[in-house]
Amino acid sequence: MSPLRPTTRQQALRAGQNRRSAALPPFPRPSRAGTAAVTLSAALSIGLGLTAPLSGAHAQTTAPAPASEAKVLPGKIVYAQLTTPDLAKAKAFYGGLLGWTFQDRPVSRGHYAEALVNGHVVAGLVERPLPDTDNPPHPLWLPFISAPDVAALAKSSRQWGAKVLFRPTMIQGRGEQAIIADPQGALFASLHAPHGDPNDTDPTVQGDWIWNALLTSTPSASAGFYQKLFSYQVEAAPAPDTNQRYILESQSVARATVNPLPPRLPPNARARWLSFVQVDSVGSAAEKAVQLGGRVLVEPHLDHQNSMIAVLADPAGAAFGVMELHDTGLTGDAK
């Protein structure tokens with residue numbers, strides 16, 4: 001697995017380098033029988049945990065733009081949220097590893113906290129016990145992808161073989177959102193924030209989300225699904241990547257890669273999104289994660305674009321990536 005470094009992608013675009021790239025044709029509608037199964041316990045755990053309504057006003061670190069001025073960037077991954085069985089342990093882990101600070105928010109049941117970097121919210125963490133089953137789902141990070149019309153997107157996703165696990169709902173202080181499993185089973189949320197989306201030119205620092213990768217057994221079909229849903233421009237990744245890796249772009253900005261499942265996973269494994277956090281040192285982050293009770297799933301290494309990356313798991317098993325971003329001149333190109 002090797003995500004494309006976003007700044008390298010933007011440099012290539014600006015320099016006009018020749019790439020074998022073309023928008024994928026819309027892929028044919030899959031049958032519902034071919035849709036990856038998601039257990040009811042997983043759906044309920046994620047749905048209840050990630051959409052708990054706030055009982056009070058949601059604090060904004062900056063004043064929201066008027067509705068007429070709010071900028072929506074469809075296809076941009078603007079937020080991430082974790083469902084975890086132990087919120088206190090998760091806060092200690094991510095605070096110690098990434099320097100996140102936290103503010104608790106009242107919810108109708110359970111516990112919820114927002115994670116902040118330099119005063120701006122980067123993530124939400126929800127405490128929910130795992131279902132009492134023989135094989136409970138792993139806690140996970142869920143990416144939120146911006147959309148101008150969440151209800152229309154959810155309806156379209158069903159037509160193209162996805163499952164809507166949590167119907168479009170207005171969440172106070174955040175906006176309208178829905179939770180969806182794509183045709184290969186990868187989970188994501190769609191979000192329309194009334195205050196608009198962060199600008200692509202906003203700088204990134206340690207602790208900010210910097211990149212996202214979709215891991216799937218069918219990269220071409222998966223890229224086509226997201227192209228239809230979010231109007232992405234889809235391009236084949238540059239050499240030395242193979243034609244089974246694709247770049248998802250919106251507003252002429254690279255947003256994510258679509259990659260084959262890593263060889264260590266079985267071919268029938270459910271697809272999944274993996275989000276990467278910017279860190280100053282991937283090696284140090286990997287060592288620190290182990291000291292804090294986490295694990296290193298993929299050792300620090302250079303990816304195909306010479307970015308240092310690693311894949312880690314928190315103490316509850318939620319996987320995420322860390323990435324070093326050395327070219328600070330283009331840090332706003334993908335978030």
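Which side chain does Arg 255 meet in a salt bridge? The side chain of Arg 255 meets that of Asp 200, at 2.7 Å from N to O, where a salt bridge is a side-chain nitrogen of Lys or Arg within 4 Å of a carboxyl oxygen of Asp or Glu. This is a predicted model, in which local features need pLDDT of at least 70 and side-chain atom pairs count only at pLDDT 80 or more, while totals for chains, interfaces and linings use all residues. Residues are numbered from 1 along each chain as its sequence is written, and side-chain values use heavy atoms, with hydrogens and water left out.

**The pair Arg 255 and Asp 200**
- Arg 255 lies in strand S12 (residues 253-260) and Asp 200 in the loop between strand S8 (187-192) and strand S9 (209-216), so this pair ties together parts that are 55 residues apart in sequence; strands (E, at least two residues) and helices (H or I, at least four) are DSSP runs, numbered from the N terminus.
- Both Arg 255 and Asp 200 are buried, a term for under 20% relative accessible area, with exposed meaning over 50% and partly exposed in between (1.4 Å probe, protein chains only).
- A network of salt bridges links Lys 76, Asp 200 and Arg 255.

**Other salt bridges**
- The structure holds 4 salt bridges, and one of them joins Asp 104 and Lys 91 at 2.9 Å, N to O.
- That pair links distant parts of the chain, 13 residues apart, with Asp 104 in strand S2 (residues 101-105) and Lys 91 in helix H3 (residues 87-98).
- Asp 104 is exposed at 52% relative accessibility, whereas Lys 91 is partly exposed at 22%.
- Arg 105 forms a salt bridge with Glu 114, their closest N and O atoms being 3.2 Å apart; Arg 105 is buried at 17%, and Glu 114 is buried at 0%.
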